[in-house]
Each structure stands twice: as C-alpha cells, then as structure tokens.
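Please consult the sequence and model shown here alongside the text.

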Amino acid sequence: MGSRSAGLKETLCVLRSLLFCKMLRFLKRPLVVTAHINLNLVALTGLGLLTRLWQLSYPRAVVFDEVYYGQYISFYMKRIFFLDDSGPPFGHMLLALGGYLGGFDGNFLWNRIGAEYSSNVPVWSLRLLPALAGALSVPMSYQIVLELHFSHCAAMGAALLMLIENALITQSRLMLLESLLIFFNLSAVLSYLKFFNSQKHSPFSPNWWLWLMLTGVSCSCAIGIKYMGIFTYLLVLSIAAVHAWNLIGDQTLSHMRVFGHLIARAVALLIIPVFLYLLFFYIHLMLLYRSGPHDQIMSSAFQASLEGGLARITQGQPLEVAFGSQVTLRNVFGKPLPCWLHSHKNTYPMIYENGRGSSHQQQVTCYPFKDINNWWIIKDPGRHQLVVNNPPRPVRHGDIVQLVHGMTTRLLNTHDVAAPLSPHSQEVSCYIDYNISMPAQNLWRLDIVNRESSRDTWKTILSEVRFMHVNTSAILKLSGAHLPDWGFRQLEVVGEKSRGHHESMVWNVEEHRYGTSQEQKERELELHSPTQVDINRNLSFMARFSELQWKMLTLKNEDSEHKYSSTPLEWVTLDTNIAYWLHPRTSAQIHLLGNIVIWASASLATVAYTLLFFWYLLRRRRSICDLPEDTWSHWVLAGALCTGGWALNYLPFFLMERILFLYHYLPALTFQILLLPIVLQHVSDHLCRSQLQRNVFSALVVAWYSSACHVSNMLRPLTYGDTSLSPGELRALRWKDTWDILIRKY
C-alpha cells in the first residue's frame with residue numbers, strides 16, 4: 001500500500017509540472033482572435049440606422065395610425081383589457097415595450113391625429129422598435145440574396161433599394177406595425193435559407209438546429225404581429241414541404257435519418273409556432289387583468305375573470321341557480337349589441353303599422369344596458385312561492401320552469417301570434433289576463449347546451465342555456481331587429497320554431513342572488529340592492545384564449561370607407577398615397593408615398609421573372625437546358641421565395657371585405673425588391689451575349705439606380721416632414737393626379 005501511494009503522488013507531481021509548463025508557454029504567446037467582418041453588412045446596418053433613427057422623435061405629434069395603436073399602449077401601461085380585431089397581440093406588446101422602456105405611464109388622450117404629445121410621452125422610445133426593425137431589414141435583404149447564391153453586387157443592390165425606398169422609411173419611423181412584420185417576414189426567409197444551405201454540409205449540427213428553430217420562431221412572431229404574417233408562414237411551409245418531399249426520395253438516407261429530418265421540421269415549423277402563438281396570448285391576458293371599455297363584447301364569464309367591472313358584481317354570487325333565484329339573462333350571441341332579457345309595463349300596440357294585430361300583451365325585449373327591469377325570478381310551476389328554500393333546490397337540465405318578471409310579477413309567455421318584426425316567428429310577451437279566451441302558455445323546459453351530463457345543474461355565468469316552450473316547442477331567441485319607437489328601439493325577442501341551433505338562442509345567467517322576499521314591495525327593494533361580493537371564479541387560459549381569438553376573427557369593423565382607403569390594383573401602379581401628418585403652422589407634411597421608380601421596376605421584374613421561368617421550363621421540357629442545374633435550382637428557389645412571397649402577400653387582398661390602405665402592400669413589395677437585382681444579374685450573366693452588351697447593360701443599371709436615388713431625394717421632404725415647401729414645390733411633387741398633396745391656402 002505504501003509503494004502504491006508513493007507512486008500516485010509522484011504521478012500527480014509530474015502532471016502538475018507538465019500543466020505548469022504548458023501554462024507558461026501559453027502566457028508567453030500572444031492571444032490572437034481572428035474575426036471575419038463583412039464591411040458591406042456593417043455599412044448597410046449603419047446606413048439603415050441613420051435613415052430610420054435620424055430625428056426619430058420628430059414630429060412630436062400623433063401621426064395617422066399612431067392614434068389607433070397609442071390607445072392600446074396606454075391600456076397596457078394601465079393593465080386594462082382591450083380587444084383589437086386587427087391582429088394578435090405580439091405587435092401591440094412590442095410597441096408597449098418601447099413605452100415601458102421609456103417610462104410611459106399611459107396618461108395621454110389619443111383622440112385625434114396631429115395632437116401634440118405631452119412631456120410624459122417618450123416619443124423616441126415608442127417609435128424605437130419599429131425603426132430598429134426597419135433598419136435591420138436592410139442588411140437582412142443583403143444576406144437573403146447571398147444565401148440564394150447570387151453575387152455580392154446583387155445583394156448590395158437589394159439592400160440599397162430597401163434603404164432608399166421612401167414608403168419603407170416612412171412606415172418604419174412611426175409607431176406602426178408594418179416594419180416589425182416585414183422584419184420577421186425577412187427573418188423567417190433568411191433563417192430558412194441558412195438552415196437549407198447548412199443541410200447540405202452539416203445536418204443536425206448546432207448551427208442547423210439554430211436556423212431551423214429560428215425559422216419557426218420568426219414565422220410565429222410574424223403571425224403574432226398581424227394575421228398577414230400567415231402568408232409568409234405558408235410560403236416557408238410550402239418550400240419546406242417540397243424540400244422534405246425530396247428528402248423522402250433520397251435513397252442515400254436511411255429510414256431513421258429521413259424520419260429524424262421530418263420530426264425536426266414538424267417540431268420547429270408546426271409545434272413551436274403554435275406554442276409561441278399561445279404564449280403571446282398568455283402574456284397578453286396576464287398583463288391585461290383589469291376591466292376596460294371593451295368588456296361588454298366578451299361573455300359574462302370572461303368579464304367576471306377581470307378585476308373590477310362585472311367582477312365586482314358577480315363575485316360571491318351563488319354558483320347554482322335554484323327555484324326562487326333572481327337572475328339577469330344575457331344573450332350569448334350579443335349581436336348587434338350585447339343585451340339582457342328585459343320587460344317593462346308597456347304593451348305591444350294592438351295594431352302594427354302594416355295592419356297586423358298583436359296580443360296586446362306586455363312587451364319582452366332585449367335591452368343593451370344594465371337595468372332593474374332585466375331581473376327575472378326562476379319559479380317552480382308547482383309552487384306559488386318566489387323565494388329560495390333552505391336548503392336551495394337547484395334547477396337541472398330538463399326541468400320545467402316559469403320565468404317571472406321581477407318588477408311586474410308577470411310570467412314570460414309565448415303563443416301562436418306573429419312577432420312584431422319577424423312574422424315567421426312567435427311573439428314573446430309577459431302574460432296579461434284579458435279574459436278573451438287566450439290562456440297563459442308560460443312553461444319553459446331548460447336545455448343546458450354545454451352540459452356534461454343529463455342531470456347537470458344550472459350554473460351562474462358558466463352554463464349556456466336555451467328555453468324551450470313546452471306548448472309550442474318554440475325556443476326563446478334574440479332576432480336582433482330594432483323595434484320601432486313604441487318598443488323604445490330595443491331589440492326584438494321571439495319564439496323560434498326552427499329546430500336548428502344558433503347562438504342567438506343561447507342565454508346565460510350574469511347576475512344572480514337567492515330571493516328571500518315573498519312580498520312584492522320587499523322584493524323590489526331587494527332587486528334594487530347590489531349583489532354580495534365574496535368569491536372569485538376564473539376561466540381557464542384556454543377558455544379565455546378561445547373566446548378572445550374567436551371574437552377577434554368574427555368581430556366586424558363598422559367603418560365601411562375611409563378618405564385614404566384604396567384598392568389592391570391602385571397599389572401596384574402607386575395611384576394612391578396617404579397624408580399622415582401636416583404641420584399645424586407650416587406646409588411641412590408626411591406622406592406614405594413610394595419611390596415610383598422602384599415600384600414600377602419591381603413590378604416589371606416580377607413579370608420578367610415569370611416569363612423567363614416559363615420560357616426556360618418549356619425549353620427544358622424539350623430537353624434544351626439553357627442553364628446549368630445548379631444555376632437553374634437557384635433560379636427556381638429565388639422565384640419561389642420572391643415571386644411566391646409577393647403573390648401570397650398581395651393576391652389575398654382581392655378577396656378581403658375590409659378597408660384597405662397602401663401600407664398593406666409593403667410586405668409584398670419587399671419580396672419584389674429582393675427579386676429585382678436577381679433578375680438584373682440573371683440578364684447580365686445569361687442573356688447578354690458579349691462583353692459589350694454587359695457593359696451597356698451595366699451602364700443602364702447604374703443610370704436606373706441613380707434615377708431611383710434622385711426620386712428618393714426629391715420625395716425626402718414628404719418622407720421625413722422636416723422641410724416646409726412652397727405651394728409651387730408641392731405641386732411639382734404631385735406627379736399623379738390621384739396623389740393627395742396638401743397645399744395650404746394662406
């Protein structure tokens with residue numbers, strides 16, 4: 001044992017000596033770090049930052065849609081819930097992040113375009129993230145063209161066109177979302193190209209995984225900013241599907257290897273985007289936990305999950321509805337307005353305007369405001385009392401009930417009399433005994449639509465119920481029509497005999513208390529008193545997400561037109577512009593107005609690529625290969641990304657029934673700009689037959705780019721809005737009659 005221990009010590013001493021010698025040798029040598037820096041990228045990034053960040057806080061006034069997004073930023077700062085049907089919340093959260101970093105407290109009234117920002121509004125910070133996104137899109141365009149295996153000259157051309165395009169500069173210098181959307185669109189394309197190119201050399205390497213995951217993340221961020229981002233996501237998915245199909249046919253790969261490739265792509269391009277999309281909404285709902293002005297659009301259960309507002313009323317209410325319960329019944333459909341089942345002492349007119357007769361019974365309507373006449377009592381038909389027993393007897397699915405109007409004590413009734421505005425449906429009334437051989441028909445069977453079992457109990461807020469009339473099988477329904485003046489313009493309620501299911505037939509209990517007073521006067525005092533506050537019932541995240549997502553997709557904007565709205569055909573030819581801001585005293589102004597040279601050239605490049613592609617395709621069908629296989633594959637991939645990206649981001653707008661603006665075209669335009677230098681390089685390399693032709697073509701390209709720079713400089717006062725022009729100078733910039741250049745009349 002002693003000899004072993006001595007040997008071990010000697011070995012350790014030798015190792016320490018060797019380590020010490022190596023450290024000495026390392027310290028004697030200079031520490032050298034080698035880095036490859038692409039000066040083109042550095043220069044493009046610097047120029048992008050200069051053009052987007054220069055005088056970013058000017059003008060210090062609300063510019064066009066800043067009035068729209070600014071109010072949502074204030075809601076984030078104050079944690080107030082809102083609903084915006086323009087898109088998912090990620091873009092709004094990024095804008096709000098700028099406000100948070102600048103110390104914005106949310107106290108500013110975003111009520112009109114041109115309003116001067118108060119001192120507490122960090123304008124520079126609020127506009128910073130869109131400006132950074134716009135600036136970084138310039139070097140990103142350079143990298144995309146390089147990854148498509150085109151020359152540095154073509155890549156520089158694409159980046160410089162992005163740099164000087166006036167509409168892109170204007171849109172990225174303001175508190176708007178398009179530059180963020182374009183950034184993540186380009187990020188998704190660049191990440192996928194880097195992943196695809198690394199596929200050939202180092203599949204499943206860390207670099208390979210990084211770019212694949214970034215592709216999915218970028219796609220999800222693009223969709224999270226605006227629903228338009230789904231077009232680029234579909235583009236990337238389509239190209240990835242084609243490449244995956246080619247992998248399946250690769251006989252050099254084993255079955256397990258192919259399976260691994262497919263699983264990796266499914267996780268990165270399908271699962272991660274879904275997870276991140278849900279995460280955006282989770283953060284959004286976690287931040288906005290307070291009641292706000294958009295609450296009434298949401299269901300009672302959703303409203304009750306918010307702090308304040310309805311939650312103050314509904315917390316602590318009894319969960320199970322019992323015979324004798326006092327309730328308000330909200331229509332789940334809520335269109336055209338959220339409303340509650342309502343009645344009042346007024347009766348239907350004996351004769352309507354069209355000559356039809358009515359029952360002259362007490363009116364039953366749906367009223368879009370909280371009111372004492374919205375209260376009803378759930379009565380057991382077999383008992384006279386209108387109070388809750390001790391212990392309470394809960395109402396279950398399938399039970400027969402009567403609905404007693406709290407303030408008039410008349411029972412909800414329907415009969416074979418045509419409804420006032422819906423003659424194909426039955427009139428709904430509160431029964432008055434006129435002793436004219438029209439008996440009461442006031443029995444209703446409870447149908448819990450979202451029940452889990454046949455004996456489910458009726459629950460406050462959570463249960464969605466239908467009331468089926470026992471005598472006629474009609475279902476209590478909101479027709480949505482506004483009654484005439486005799487009905488106080490309230491919404492019509494009818495008995496619908498149709499057996500189909502619709503949300504307008506579904507109701508839920510919003511406010512609820514156990515009735516304790518049998519006498520009418522005492523009961524009226526009870527109905528006027530507030531409900532008790534004690535317990536909180538929260539919806540799950542998935543329930544809130546599902547409802548919010550559905551509302552965002554189905555909520556329709558009431559605006560049908562706008563002064564600066566335009567059609568997709570007007571975008572391509574740049575026949576339209578948008579006046580964003582006008583200085584209150586001088587003629588300085590900001591317009592969303594594109595560089596007409598770039599827009600026209602980009603459209604021509606798209607047409608040229610399409611014609612050349614089909615020409616080459618026809619010739620290849622005849623076994624005439626004008627291009628080598630590598631060149632052909634690069635040409636096809638470039639066209640799939642750029643032409644496909646333009647088509648997917650442009651053509652769907654022809655099918656949309658919504659107000660459209662010029663800025664909706666900008667994502668499609670960026671794909672055209674990427675394609676333009678690719679087509680020019682292809683013409684120079686493959687269609688110019690001699691060196692002389694190439695030199696002439698190069699000279700023409702330089703002249704063309706110089707004209708684009710000249711136009712960009714001429715439009716600069718309208719891009720930055722920092723120069724006051726004379727009326728004559730403004731008229732000189734009105735190159736098209738359809739351009740709305742604002743000229744003051746002094």
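This is a predicted model: local features need pLDDT of at least 70, side-chain atom pairs count only at pLDDT 80 or more; totals for chains, interfaces and linings use all residues.

## Packing of H2 against H5

Helices H2 and H5 are roughly antiparallel to each other, a term for angles over 145 degrees, whereas those under 35 degrees count as roughly parallel. Their axes come within 8 Å and cross at roughly 150°; axes are lines fitted to C-alpha atoms, for helices over the stretch in contact, with angles from 0 to 180 degrees between N-to-C directions.

Residues are numbered from 1 along each chain as its sequence is written, and side-chain values use heavy atoms, with hydrogens and water left out.

The residues of H2 in contact (heavy atoms within 4.5 Å) with H5 include Leu-41, Leu-44 and Leu-49; among their counterparts in H5 are Trp-124, Leu-128 and Tyr-142. By class, this contact has 13 nonpolar, five polar and one charged residues. Here Ala, Val, Leu, Ile, Met, Phe, Trp, Tyr, Cys and Pro count as nonpolar, Asp, Glu, Lys and Arg as charged, and the others, Gly among them, as polar.

## Packing of H2 against H6

The axes of H2 and H6 (residues 152–164) come within 10 Å and cross at roughly 10°. The two helices are therefore roughly parallel to each other. Asn-40, Leu-44, Leu-47, Gly-48, Thr-51 and Arg-52 in H2 meet His-152, Met-156, Ala-159, Leu-160, Met-162 and Leu-163 in H6. The classes represented are seven nonpolar, four polar and one charged residues.

## The enclosed helix H3

Of the 13 residues of H3, 10 are buried, so this helix is largely enclosed by the rest of the structure; buried means under 20% relative accessible area (1.4 Å probe, protein chains only). Among the buried residues are Glu-66, Tyr-72 and Phe-75. Their cover includes H4 (90–101), H5 and H11 (255–287). After H3 comes Arg-79, whose phi is positive, near 65°.

## Val-428 in strand E7

Val-428 belongs to strand E7 (residues 426–430) and is buried, with a relative accessible area of 0%. Its C-alpha atom is separated by 6.1 Å from that of Gly-495, 67 residues apart along the chain. Not counting residues up to four places away in sequence, Val-428 touches Tyr-348, Leu-412 and Val-493, among others.

Terms used:
Helices (H or I, at least four residues) and strands (E, at least two) are DSSP runs, numbered from the N terminus. Angles under 35 degrees count as roughly parallel, over 145 as roughly antiparallel, 65 to 115 as roughly perpendicular and the rest as oblique. Buried means under 20% relative accessible area, exposed over 50%, partly exposed in between (1.4 Å probe, protein chains only).
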